[in-house]
Amino acid sequence: MNDEMIRLFRPTFDVDACLAELKDCLEQGWTGQGFKTDRFEQEWKEYTGLENAYYVNSCTAALNLTFDIFKEQYGWADGDEVISTPITFVSSNHSIALAGLKPVFADVDDSFCLDPEDVERKITDRTRAVLFVGIGGNPGQYKKVLEICRKHDLRLVVDAAHMGGTFVDGKFPCLEADAVDFSFQTFKTLATADSGMLCFKDARFEKIARVKAWSGINTAAYSDYAIKDHKTYKWHYDVEYVSNCYNGNSIMAAVALAQLHCLERDNEIRRRISAKYDAAFSQYPDKIKLAAYAPEVKSSRCLYQIVVEDRDGLVKYLNENKINSGVHYVDNTNYRMYAYGRGTCPHAAYLSEHMISLPLHLHLTDEEVDRVIKTVLEFVNK
Ligand SMILES: Cc1ncc(COP(=O)(O)O)c(C=O)c1O
């Protein structure tokens, strides 16, 4: 038996392609915003079919900008509500709260994404938007959530941190959303170190985001001091907002460009490993529940999650057998900041205690996948 610890996540890089893009940055003397970030934005739009794309330093930054700009531009008041999921990384919900809005929690369905019926139940006269999170790369019942948003005139924001490379019938499934925010953090399907993409439906909002993401300064350095023509740097800019520094840089974008060219191949490998897990675990439906996927979904498979009765016991058993696992995520209403939502989402509360993520990355050998399967089955069948 292979004695090495099997890691939960481990990013893969095409080292030569990354180094070639990085060398270009260093030789040109341009590591900041512009140059590679412009190219990556263009290529991301072509890859996803989204109309706008602004490269930022994380998905968290993209989400923060989204709610900040929507609140300001749509004239929402402090305390207006955004319906969101408790099963997500906490920065999804922080982005709502940081804008002075209130996350109102709706329950999740068997895809671990928002349950449209509960979303509709949670709408009040203060609801302004819904934040849909595509957990693990699953679009869940996004279409139904979109219909609800249209019916009630609510904005729809998609946290697509896990959805880099998810397609349905050859298209990115959330093209209609008002904003789609991606993560290229090291454990996502397109790994850099830290970066993200903010894709507004309306180009006017992207223009505002570009100003807000650079401390509120209204001149882009790259356009005024382009590598090509070496103009004099303009310091006579205005500052339009009190704002953060959220912009992406060419070092991360260089890695992202190299990674984008591998994304389809890499996600295909993730899907193959997931299919192998599915085939083994689906034979024990009374002991192991899988995330519900519609058959037409080609998921990025950012995560592979199962639901078992004794989750904590399984984590321990896997660890004893040198297999790392994780939980994505703890019900956010368990946290002090969101405790007001406790008890409102029973399925999320259940999943939070029973859900486990298994190793899924490109370094896994067939033998290691078999070892994970064998160990999980040994535990649940004991
Ligand atoms: C669902 C979800 N949303 C948002 C984020 C934040 O992404 P980033 O680390 O790029 O800020 C993450 C990262 O783990 C995530 O999993």
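Is lysine 143 buried, partly exposed or exposed? Lysine 143 is partly exposed, with a relative accessible area of 48%; buried means under 20% relative accessible area, exposed over 50%, and partly exposed in between (1.4 Å probe, protein chains only). The model is predicted, so local features are reported only at pLDDT of at least 70 and side-chain atom pairs only at pLDDT 80 or more, while totals for chains, interfaces and linings use all residues. Residues are numbered from 1 along each chain as its sequence is written, and side-chain values use heavy atoms, with hydrogens and water left out.

**Stop 1: the lysine 143 pair**

Helices (H or I, at least four residues) and strands (E, at least two) are DSSP runs, numbered from the N terminus. Glutamate 176 is partly exposed, at a relative accessible area of 25%.

**Stop 2: further salt bridges**

The structure holds 27 salt bridges. Side chains of opposite charge can pair when their charged atoms come close.

Select lysine 212 and aspartate 68, which form a salt bridge with the closest N and O atoms 2.7 Å apart. Lysine 212 lies in helix α7 (residues 203–212) and aspartate 68 in helix α3, so the pair ties together parts that are 144 residues apart in sequence. Lysine 212 counts as buried because its relative accessibility is 4%, whereas aspartate 68 is partly exposed at 30%.

Next, select aspartate 118 and lysine 122, whose side chains meet in a salt bridge (2.8 Å, N to O). Aspartate 118 counts as buried, at 7% relative accessibility.

**Stop 3: the ligand**

Select the ligand and the residues around it. There are 16 of these, and the closest are Thr60, Asp159, His162, Ser183 and Tyr329; a residue is near a molecule if one of its heavy atoms lies within 4 Å of it. By class, this shell has five nonpolar, nine polar and two charged residues. Here Ala, Val, Leu, Ile, Met, Phe, Trp, Tyr, Cys and Pro count as nonpolar, Asp, Glu, Lys and Arg as charged, and the others, Gly among them, as polar.

For histidine 162, the distance from a side-chain N or O atom to an oxygen atom of the ligand is 2.8 Å. Taken alone the ligand exposes 390 Å², and the protein buries 92% of that; accessible areas come from the Shrake-Rupley method with a 1.4 Å probe, and for residues only the protein chains shown count as cover. The elements that give two or more residues to the shell are α3 (59–74) and α4 (90–98).

**Stop 4: backbone geometry**

Stay on tyrosine 329, found in the loop between α11 (311–320) and α12 (346–354). The peptide bond from histidine 328 to tyrosine 329 is cis, with omega near 15 degrees. Most residues other than glycine have a negative phi, and most peptide bonds are trans.

Two residues with positive phi follow. Phenylalanine 35, in the loop between α1 and α2 (36–48), has phi near 60 degrees and counts as buried at 17% relative accessibility. Arginine 301, in the loop between β10 (297–298) and β11 (305–307), has phi near 55 degrees and counts as buried at 10% relative accessibility.

**Stop 5**

Select valine 168 in strand β6. Valine 168 is buried, with a relative accessible area of 17%.

**Stop 6: a surface patch**

Finally, select Phe13, Val15 and Leu19, which form a nonpolar patch on the surface with about 260 Å² of accessible area together. Patches are made of residues with over 30% relative accessible area and no salt bridge; like charges are joined within 9 Å, and nonpolar side chains (Val, Leu, Ile, Met, Phe, Trp, Tyr) within 5 Å. Valine 15 has its place in helix α1 (residues 15–28).

Terms used:
A polar contact is a pair of N or O atoms within 3.5 Å; within protein, one must be able to donate a hydrogen and the other to accept it, and residues adjacent in sequence count only if both atoms are side-chain atoms. A salt bridge is a side-chain nitrogen of Lys or Arg within 4 Å of a carboxyl oxygen of Asp or Glu.
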